[in-house]
Amino acid sequence: MTSPAQRVVALVGNPNTGKSTLFNALTGLRQRVGNYPGVTVARKSGVCDLGDGTRVELVDLPGLYSLSAVSPDEQVVTDVLSGQAAGEPRPDVVVVVADATNLLRNLFLASQLAEIGLPLVLVLNQADVAKEQGLKIDTNLISQRLGQIPVVLTSAWKGEGVLEVRRAIAKVLKQPVYLPRVVWPEKIRQGFEAIKHSVEQQTKKVITDAEAQRLLFDNNLVLAERLGWAGPDREALLRRARDQVRQSGYNPHAAEPLVHYDRLKKVLEGVLKEGRGKSGRTALVDQVLLHRIVGPIFFIGIMLGLFASVFWLAKFPMNAIQLGVDWLKLTVAPWFETTPMLQSLVTDGIIGGVGAFLAFLPQILILFLFVSILEDSGYMARAAFIMDRLFSWCGLNGKSFVPMLSGFACAIPGLMSTRTIEDPKARLATAFVVPFMSCSARFPVYALMCAAFIGPLYGPGWESAVMVGMHVVGLLFAVPTAFILTRFVLKIRPQPFVLELPRYQMPKPRDVLWRMWQNAAEFVSKAGTVIFAITIIVWALTYFPRQPEVAQQVRAAYPTLSEEELAPKIQGAYTEQSYMGRFGKTIQPVFNACGFDWKITVGVLASFPAREVIVSTLGVTYSLGEGAKADSEHLRKAMQEAKWTEGPRLGKPIFSLATVLALMVFFALCSQCGPTVVTLAQESGGWKWAAISFTYMTILAWVVATILYQVVSRWT
Amino acid sequence: MDLNLDIIIVAAIVGVAFGWLVRYWIAKARRRKTHGCAGDCGCSSKLGKK
């Protein structure tokens, strides 16, 4: 701890700015210097000699990007700077360490710190790298525009500029200078005042503007709880204050960065001069990759390669997993011969269900491998920049493209990758349209229908065309959906797409593998547990009730068939009278307009947890046994021969061209994936939007399938 | 349906799965309410970690 007379100086900055290196240079203490964000997680302090005989206590605070105190590290920083950390004196001066090569992003924290009202020194570190890049920074101009606070260029690892930092701290200690606070729009200011007034009335505590900002802009209520500001009035007041922010034309969650960045852009005007340096190479490459015509072509090529790689490379490990699942089923099944119900639960339910889910793991791994490489190389930022031009008209921005593209492999990683979109509304709009992308689980449905009906009736050319068409259908509906959602429902204000283009660099294998591992572990451990439980419940609904009389009735109806031949028919009869089967018969009138009989209806209903289930469900309902594959000749034949046994279509084929097209379009548009609905709920922070998405997609699928069936059945 | 070991085990498994799912969702909802996020969404709160 410090002596009462000793002044305290806090070192604050974004991770990776060389803050710890500067701390070492200023104090002489040895400390591990990390390359990754968040390396300074503990309190570190040392004595710094300012060169004029003054010695100060220098505290190295954890690296952070903003004052939104969510993590414990960020909480420590806000506590220390506001003088609320137990046993820690409030600093006399704050030294903000910024990366000289990335000024705009780094100065956001400095601009936020101005709200706390402490004297500041601004250190622009990594000046050597900036010089290599040909950047010339006018420190005098920055200082002039930031209230004459000292601005020092340093290269801490070389020891350059460290003496100037000592002098600047000494100067500010003697004569404090403050970075001017940002000018907030009047409505937002009124929001701060209302919050301050309410907290004071309820808790008798006076809070600062900085604390009021945290209460208004942050979602977490840690500060509110700590202040003892609670009760229903709090929520109502925050809602009103956020409405006022909206009236100023800002999204409450994006207002703070937008206001700060508006100010910082003006501060940095004319401050940076780019000369010739290593960045010249980056600029040269960008001239090609960001070119209006060449850029999008290159980008489409990269994305096609990524999509094809995910789709095709994953095919082999997915097949291997499927073979492993089949082998496990065959191995485990004899263990439960004496308990057939348990055998079905273990083999059809647990192994089949979880195995089908795990089969997506290779796609997840390969997708994140390529996405990590593209991100770490610096290309993904360029891709987002290019796509912003195309997506901005329907309210989405460039960052929406990667999740949508991922959705073509599987909606779950697509939804997970919406996390890269900062604006919550844009993230929500993107997450809403991701499930429209034609994921690989729809493929077996299309394959079955095309191989059984389109190919034999119209030839392989039409078969391929329909397959491609089905992959485009989702996109055709996703774009207008996004337009309506962003313009009329979420009312997303066109947001500037603030994006700093990083330097191109070789991705580090360790980082890429780490990210793959993180995503794989999260996929298996978290979603996998939910899938596991849901699978068991769905199995129970399609298995029960199981009356022995059903089997006896089937045996009586087919006295000449062997037990082996009877087994699938008994299975079909059980499915028909299961809770799911009964539900299917009850619901069938709803799907009658789409041309679906009760068996297709059961397949459609059973496919809501996972759409690929329809293949084996149709196999069961058409008495061919479970596990039927898309290329099963028997299933195709049975479907081709299936006829209506009642109603006005008596004797006509169930699977007409109209029914087949309606069924495929229904699967292309319907939200038939339990994990997707769960992930959407997780990513959107609640069940509301997951429920809206599910309802909207299901109704849309029904409407489009009905229209298609009614139109095509009149022509054919 | 006769009550035998088979159905008892299956009922137990289905019951545990259902109970676990309900408990899991309630825990996540509670965490979301108290911490602002369920802690597994990888939101900006995790930006500083790696």
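In the predicted model, helix H30 (residues 657-669) and helix H32 (residues 687-715) of chain A approach each other, their axes coming within 8 Å and crossing at roughly 160 degrees. Angles over 145 degrees count as roughly antiparallel. H30(A) and H32(A) therefore have a roughly antiparallel arrangement. The crossing of H30(A) past H32(A) is right-handed. On the H30(A) side, the contact is made by A:Leu657, A:Ala658, A:Thr659, A:Leu661, A:Ala662, A:Val665, A:Phe666 and A:Leu669. H32(A) contributes A:Met697, A:Leu700, A:Ala701, A:Val704, A:Ala705, A:Leu708, A:Tyr709, A:Val712 and A:Ser713. An α-helix has 3.6 residues a turn, so residues three or four places apart point the same way.

Chain A also contains an open sheet of 6 strands. The strand order is E2-E3-E1-E4-E5-E7, and the pairing is mixed. Strands E2 (44-49) and E7 (151-153) of chain A form the edges. Each has a single partner strand, so one side of each lacks a neighbour in the sheet. On average, neighbouring strands are turned by 25 degrees against each other, direction ignored. Within this sheet, strand E1 (residues 8-13) and strand E3 (residues 55-60) of chain A run parallel and are joined by 4 bridges. A:Val9 stands opposite A:Leu58 of E3(A).

Two helices of chain A lie across strands of the sheet. Helix H1 (residues 19-27) lies across E1, E2, E3, strand E4 (93-99) and strand E5 (120-125) of chain A. H1(A) runs at about 160 degrees to E3(A). Helix H6 (residues 162-174) lies across E1, E3, E4, E5 and E7 of chain A. H6(A) runs at about 145 degrees to E4(A).

Helix H3 (residues 103-113) of chain A is largely enclosed by the rest of the structure, because 9 of its 11 residues are buried. The buried positions of H3(A) are A:Leu103, A:Asn106, A:Leu107, A:Phe108, A:Leu109, A:Ala110, A:Ser111, A:Gln112 and A:Leu113.

Confidence was examined for the model and for chain B. The model scores are ipTM 0.79 and pTM 0.54. Chain B has a mean pLDDT of 66, with 50% of its residues reaching 70 or more. In residues 39-50 of chain B, the pLDDT falls below 50.

Methods. Residues numbered from 1 in each chain as written. Chains lettered and ligands numbered in written order. Predicted model: local features only at pLDDT ≥ 70, side-chain atom pairs only at ≥ 80, totals over all residues. pLDDT = per-residue confidence, 0-100. Contact = placed C-beta atoms within 7 Å. Pairing = 2+ DSSP bridges. Axes fitted to C-alpha atoms, helices over the stretch in contact; angles between N-to-C directions. Buried ≥ 20, exposed ≤ 12 C-beta atoms within 10 Å, placed from the backbone. Parallel < 35°, antiparallel > 145°, perpendicular 65-115°, else oblique. Left-handed = near helix turned anticlockwise from the far one by under 90°.
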